[in-house]
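Dear colleague,

Please find below the structure that I am handing over to you. My findings follow directly after it.

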Amino acid sequence: MNMRPNGPWYTCLPDCESLVPCGAGRHAVRWEAGSLRLPEHPDAESELVLAALGGAKTWCIELAEAWARHTEDLSVLAIGPRHPADEISVSWDDVAAAAQAGQAFSGSTPHPRPMRLASRTPGLQAMASARRRQVSAEMEQVRRRRSDILSLLALGYGFQVRLIGQVAATHAARLDDQEEGSEATRPALVAAIAGRLAPAAEQWLGIDPDQVVVALHHGSGWGSAELTGRGEERRLRVSLPPSWLAQVWACGLTLTSRHLVVAVEQPGWPQARVLALRAPGTDPVPLDVQAILGAPGTPPDASRWEVRPG
């Protein structure tokens, strides 16, 4: 049985929006249908051209560039939240302070004294100059990455989980298609799923998160889930497809009406049909579910799903 839903991974997610400082005011940044949009910058491409020619680059444009740079960044899976209560609070003041500190640091980079025999050894002088350029470039890369990550986190929980979903979906598709080098992503995907499934399993079964063991499932079907052992040897062993992180977790579907959701059959917002487990070792049952946005105990831009009445 093919468990791929008949729609993109983000079909169960609504649009979300955040206000960011830009120029003298604040501009809206929107996530819509899998893409980051800048409604107050309708000609963003022209702005990028002007910036390349020496013009000022607005914060919105820099944010869109940062988003694009990290849609395949596996480290995002380790940095982002694990569940709605796992709040990662970064303010735009924090972002601005980090940017100023980075500029001050890059401006104060020490320059080594010239070598005594530099005039007699031009080869060594050229090597030293190349090394200085390399160090400067590496420092700039570190500074930009730090600024990128802080800016993306400052967008809030809704954007954080959508970026995680995008990264996970991209690498899951590469694994499914057996692209060259895709197997190297397996440990990062396993760790990302385990880190998000374990807290849900604790709510589902009362099991210690450290007793949850995750593997990636390939092939037909959704995978498996079984409970083994007792006491300290108790283990919940779950095998899930790599796409689970995007299609289920990022959409807020993980635990729905005391069921663990393992696949999405008919995606949609605010109604969908999922396959879910009542208990480990059982067959998944289809559930027609409905989303409640901003439900108690969740961030304003997070949803909780419940079984539709009737």
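This is a predicted model: local features need pLDDT of at least 70, side-chain atom pairs count only at pLDDT 80 or more; totals for chains, interfaces and linings use all residues.

Cys251 counts as buried because its relative accessibility is 1%; buried means under 20% relative accessible area, exposed over 50% and partly exposed in between, with a 1.4 Å probe and protein chains only. Cys12 is likewise buried, with a relative accessible area of 1%. The structure holds zero disulfides, a disulfide being a pair of cysteine sulfur atoms within 2.5 Å.

Residues are numbered from 1 along each chain as its sequence is written, and side-chain values use heavy atoms, with hydrogens and water left out.

The largest nonpolar core has 76 residues, and Leu245 and Leu253 have the most contacts inside it. Such a core is a set of buried Ala, Val, Leu, Ile, Met, Phe, Trp, Tyr and Cys residues joined through side-chain atoms within 4.5 Å. Helix H6 (residues 157-176) gives the most to this core, namely nine residues; helices (H or I, at least four residues) and strands (E, at least two) are DSSP runs, numbered from the N terminus. Contact means heavy atoms within 4.5 Å. Leaving aside neighbours within four places in sequence, Leu245 is in contact with Leu77, Ile164, Ala168, Ala192, Ile193, Arg196 and Ala250.

Helix H7 (residues 186-205) contains Ala192, Ile193 and Arg196 among its buried residues. H7 has 20 residues and spans 26 Å from its first C-alpha to its last, close to the expected 28 Å; the expected span is 1.5 Å times one less than the number of residues. At Leu197, H7 bends by about 25°, and Pro199 follows within four residues. The bend is the angle between axes fitted to the seven residues ending at a residue and the seven starting there. Just after H7, Gly206 takes a positive phi of about 75°.

Turning to the strands, E1 (residues 16-22) is mostly covered, with five of its seven residues buried. E1 pairs with E2 (residues 25-32) in the antiparallel sense over seven bridges; two strands pair if DSSP finds at least two bridges between them. Glu17 stands opposite Arg30 in E2. The two strands form a hairpin with two residues between them, and Gly23 in the turn has a positive phi of about 65°.

Strand E4 (residues 212-216) has a covered face of Val212, Val214 and Leu216, and an uncovered face of Val213 and Ala215. Its pairing with E6 (residues 235-240) is parallel, over five bridges, and Val212 stands opposite Leu236 in E6. Ser239 also lies in E6 and counts as buried because its relative accessibility is 13%. Not counting residues up to four places away in sequence, Ser239 touches Ala215, Leu216, His217, Trp222, Gly223 and Ser224.

Finally, Glu62 lies in helix H2 (residues 59-69) and counts as partly exposed because its relative accessibility is 38%. Its contacts, apart from neighbours within four places in sequence, are Lys57 and Arg69. The C-alpha atoms of Glu62 and Ser151 are separated by 9.3 Å, although the two residues are 89 apart along the chain.

Yours sincerely
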